[in-house]
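Reader: I am new to this structure. Please take me through a few parts of it.

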Amino acid sequence: MSVDAIVHTEFPKGYTVLFGADGKVIMTPQSEEHSSTIRSMQIDSAAALGRHAKVTSDVYIDFPADENSAPDLAVLREDARKEGKRYSFEDVLLISEVVSTSSARKDYDDCTAKYGRYGIPVYLVVDPYAREVVLHTEPTASGYSTAHTRAYGTGKLPIPLADGRTFTLDLDELPLPDLGTDSR
């Protein structure tokens, strides 16, 4: 797809559109719950790590073997430096993905295996529909050896980072979806 075609294309409302370096256009639906959950995590990261901490959302991070990702939230080392236009997976301290219908298998299975394989120290799956978070630590070649599940509404979840800082996720403040409609 040419740049001109992209600029003049009206993409459907409610979708996040990402453009890969390899020319791929990736469209992902983003519900209000998804967006507000990411925003809540960004607020928590600013409170815990400072407003100028290196925290990204939906920004590509380079992984080996063209397995690049644009996680919903990534906390980077303070001394992280872009290699070209992107940060490297080696700079990542924590990745969080917010589950939606279209991404549940990917977030729970594929990403858990991938992020563990590449040694991401902490992987957090936030599921507004199950109203729980799964904290993965201790990466292995096939995923993570430790997983702890916490329900929404159970207080603050302190998450130690490899650089000595602590990211604290407020489980009482995560937005709840309207379960009367399936907006996933």
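Reader: Which residue just after α3 takes a positive phi?
Author: The model is a predicted one. Just past the end of α3, a phi of about 75 degrees is found. The residue with this positive value is Gly119.

Reader: Which strands do the buried residues of α3 pack against?
Author: Buried here means under 20% relative accessible area. In α3, the residues that are buried include Asp107, Thr112, Lys114 and Tyr115. The buried residues of this helix pack against β7, β8, β9 and β10.

Reader: How many bridges join β9 to β10?
Author: A hairpin of two residues links β9 to β10. Pro139 stands opposite Tyr144 in β10. The strands β9 and β10 run antiparallel, and the bridges joining them number eight.

Reader: How many residues has the largest nonpolar core?
Author: Among the residues with the most contacts inside this core are Leu94, Val126 and Phe167. Elements giving two or more residues to the core include α2, β5 and β12. Phe167 itself touches Met41, Leu73 and Ile159, among others. The residues of the largest nonpolar core number 22.

Reader: How many residues are in the other core?
Author: Another core lies apart from the largest one. Its members include Ala80, Ile95, Tyr118 and Tyr123. The number of residues in this core is 18.

Key. Residues are numbered from 1 along each chain as its sequence is written. This is a predicted model: local features need pLDDT of at least 70, side-chain atom pairs count only at pLDDT 80 or more; totals for chains, interfaces and linings use all residues. Side-chain values use heavy atoms; hydrogens and water are left out. Buried means under 20% relative accessible area, exposed over 50%, partly exposed in between (1.4 Å probe, protein chains only). Helices (H or I, at least four residues) and strands (E, at least two) are DSSP runs, numbered from the N terminus. Contact means heavy atoms within 4.5 Å. Two strands pair if DSSP finds at least two bridges between them. A nonpolar core is a set of buried Ala, Val, Leu, Ile, Met, Phe, Trp, Tyr and Cys residues joined through side-chain atoms within 4.5 Å. Lists of a residue's contacts leave out its neighbours within four places in sequence.
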